[in-house]
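This report covers helix faces and salt bridges. Please have the sequence and the coordinates open.

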Amino acid sequence: MAELAMNTLGQSYNDTNDTHKFAFDLGEFVGDLSVDEDNASDDISLEGLQQELEECKNDDVVANILSKGTKLRDYTKGVENNLRQVELDSIQDYIKESDNLVSLHDQIRDCDLILSQMETLLGGFQDEIGSISSDIKILQEKSMDMGLKLKNRKVAESKLAKFVEDIIVPPRMIDIIVDGEVNDEYMRTLEILSKKLKFVEADSLVKTSNALKDVQPELEKLRQKAVSKVFEFIVQKLYALRKPKTNIQILQQSVLLKYRYLMSFLKEHGKEIYNEVRAAYIDTMNKVLSAQFLAYIQALEKLQLDIATSSDLIGVEARGTSLFSRGREPLKNRSAVFALGDRLNILKEIDEPALIPHIAEASSRKYPYEVLFRSLHKLLMDSASSEYLFCGDFFGEESIFGEIFAGPLLVIDEHFNTVLSNCFDAIGLMLMICIIHRHQVIMSRRRIPCLDSYLDKVNISLWPRFKMVFDMHLNSLRNANVKSLWEDDVHPHYVMRRYAEFTASLIHLNVEYGDGQLELNMERLRMAVDDLLVKLAKTFTKPKLQTVFLINNYDMTIAVLKEASEGGKIQMHFEELLKNNTAVFVEELLLEHFSNLIKFVKNRASEDSSAGSEKPITVAEVEPLVKDFASRWKAAIELMHKDVITSFSNFLCGMDILRAAMTQLLLYYTRLSDCIKKIAGGSALNKDLVSISSIMYEIRKYSRTF
C-alpha cells in the first residue's frame, strides 16, 4: 500500500513539475515521514521511485491527494476505517436476510432430492434404450442378410431364365423353319435361331450342361434345314436374273435386298453354302453383264461415224487423199477432223443418260466415237456403282465386285483396244481424255472407288495413242511436199487453216486438263508450220506476193485462235509475225508507187543541213518530185486501195494495212515538205505542194469506204 502511495506521489510530483498546476514541496512532504513510526521502512528501497512517480503523475486520485496536501498515513487510516464500516454494514444485511437464506437452503435441498430421483429414473430409461438398440442392430443384420439372399436369388433367377430362353427350342420356331415360307416372319425366326446357335457355341459353361445334350441335336437339325431352305430360295431368285430383258437393278433393290439377312445367316452358320451362293451370283452376274455390254457395244458400233483416217493429216495434200472415198462422206464431217465445232457439246452432256441404240438407229443418226465412248462409260459407271453398293449391302463385302465385273470390263477392253488401234482422230482422242477425267471426278464425288484402276488404265492408254497421232500430224508438216501443196493463190492456205483449227481445238480442250507436255508438243507443231509456211511463201516469185501470202495466213490463224479461245503464247507469236510482215508490205506498197519520193526522203532529206553537206539540196532536185506527186498522188492512192482490196481476204485486216500505208505516206511527204522549207528558193514550189489537209481528207475517205 505504501509503495502504491509512493508511486502515486511520484506521479503527482511529476505532473506538478510539468504542468505547474500544484504548488507544494515534495521534499517537505516526504520529510515528515518518521523512520521511527514504521520499523519496516528500514527495508524499503527507493530505487525506481522516480520511474513510478512518472507513471502515476496522470492518476487523478494521486493528483488530488497531492494537491490537498493530505498525509499518506492519514489517508490510509481513513480508507481502513471506511472498509471496516462497510464490513459491519454488510454483516447487518446478512443478519436481516437470515430467514430468507434458510428458506433458500431448504428449497435447494428439496430440488437436489427431486433431481436425484429423476437421475435414477433416467438411468433406468437408459438401460432400456440400450437393450432396444441391441435388438435393432440384430434385426438390421438379419434384414441385410435376407436382402443379399433375395438379390442372389433374383440374379440366379434371371440367369436361369435367360439360359432357359436361349437354349429352349419352341415348337412354333420348329414349325416355321421346317414348313414355313421364306418371308419376314421366317427371317425373324432365323434371327432367333442364330442367337441360340451363337449362345451354345460362345459360352463354355453351356457346353457342359445336361440341357444342351437334349437340345443340341434339335438345333443342328434346324440349322441344316434352314441353310438348305435359304439356299434353294436364293438360287431361285438368282435364276430370275438370267431371264432376258430383266431389269437387274430393280430386281436387286426391290427383291434381293429385302432378304439380305438370309446371306448373313448363311455366312455365319453355313459357310460352305454361302460360298456356293456367292459363286453362283458371281457367275450369273458376270455372264449377264458381259452379254449385256457386248450387245450394247455391237449396237453402238452401228451408230459410229468415222471422222479421220491415217491420211487425214494437217500437212497432206487435199487433192491426193482418197478422192473416191471422200465423195461418199459429207463435207461437214471432213471439217470435224481438225475443228472442234459442235463436238465440244459432248463435255456439256457428260451427265446425260446413255444412248439408247435402237432409238438412235431409228433416226438414222451417226455419232463420232467420243459420243459412243461417253455413252458406254456412262452405262458402265451407273451399272458399276449400283452393283458395288448392292454387293456391300447384300453380301457385306465389296471385294466381290472385282470378280463380277472382270467379264464386262474384259469385253469393254477388247472393244476399246480394237477401236483405239484404228483411231486417227486426234480431236476425238483428246475429247475422250477429257471425258475420262470428268468421269473420274464423278466417281470421286460418288465416293465409289470400284472403277478407279480401270479409268486410270483407259487414260493411260489414250495418251500414247494421242501422242502417236499428234506426231503423225507433226511429221506431215515436217515432211510436206512444198511443190504439191503450193497453189498460185495468196489467200490463206488450207494447210494453215487446218493447223489453226487443230491448234485452237487442242488449246480449248487443254484449258481444263492443263497438260504441260501437250503445250510443248503444240510449240513443236507451231515451229513446223512456220517453216512450211515460209517455204510455201518463197515459191511466189514476187516478194510482195510472198508478204501478202504470209499476212493472209497469219491473220486467218489469229482469227481462228481468237474465235476458239485465248491462244496464249502461240497467238502472240503470230500477232508479232503479222505486225512485222505488215510493216514490210507497207514499205513495198509505197515503193511501188512513190519510189523516188521515198528514196529522196530516206537518203537526202535525212542529211543534216547544218552540217554543211558537200552537195546541198537544190530546187531543181526537188521540183520533179513535187510535181510528180501532185500530178498522180490521188491515182496512186486509188491503185493502192484496189491492190489491198484484191490482196487481202479479211477486209478489216486490209483496212488496217491501207491505213498504215497512207499514214506512212503522209509521214514521208511531211518530211519532204519540211525539207523544201529549208532549201533556198524553196518557196517557189509552194504552188505545187499538196496540202497535208488534202492528204488527210483522202485518208479518211478511204477509211470510211473500205
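Which residue forms a salt bridge with Arg632? Asp628 does, and the closest N and O atoms are 3.2 Å apart.

## Basis

This is a predicted model, in which local features need pLDDT of at least 70 and side-chain atom pairs count only at pLDDT 80 or more, while totals for chains, interfaces and linings use all residues. Residues are numbered from 1 along each chain as its sequence is written, and side-chain values use heavy atoms, with hydrogens and water left out.

## Salt bridges: rule and count

A salt bridge here is a side-chain nitrogen of Lys or Arg within 4 Å of a carboxyl oxygen of Asp or Glu. By this rule the count comes to 23 salt bridges.

## The pair in H28

Asp628 and Arg632 both lie in helix H28, residues 619–647. They are 4 residues apart, about one turn of the helix. Helices are DSSP runs of H or I with at least four residues, numbered from the N terminus.

Asp628 is partly exposed, at 33% relative accessible area. Arg632 also counts as partly exposed, at 30%. The classes are buried (under 20% relative accessible area), exposed (over 50%) and partly exposed (in between), with a 1.4 Å probe and protein chains only.

Elsewhere, salt bridges that share partners join Arg242, Asp283 and Lys287 into one network.

In helix H18 (residues 369–394), Lys378 and Asp382 sit 4 residues apart, so about one helical turn separates them. Their side chains meet in a salt bridge of 3.7 Å, N to O. Lys378 is buried, with a relative accessible area of 9%. Asp382 is partly exposed at 32%.

Helix H22 spans residues 452–478 and holds Lys467 and Asp471. These two are 4 residues apart, so the separation is about one helical turn. Their side chains form a salt bridge at 2.8 Å, N to O. Lys467 is partly exposed, with a relative accessible area of 29%.

Which residues of helix H7 are buried? Met173, Ile176 and Ile177 are, within a helix that runs over residues 171–179. Why do they lie on the same side of H7? They cover an arc of only 90° around the axis, which puts them there. The arc is that of the directions from the helix axis to the C-beta atoms.

Pro171 and Asp179 are exposed, on the other side of H7.
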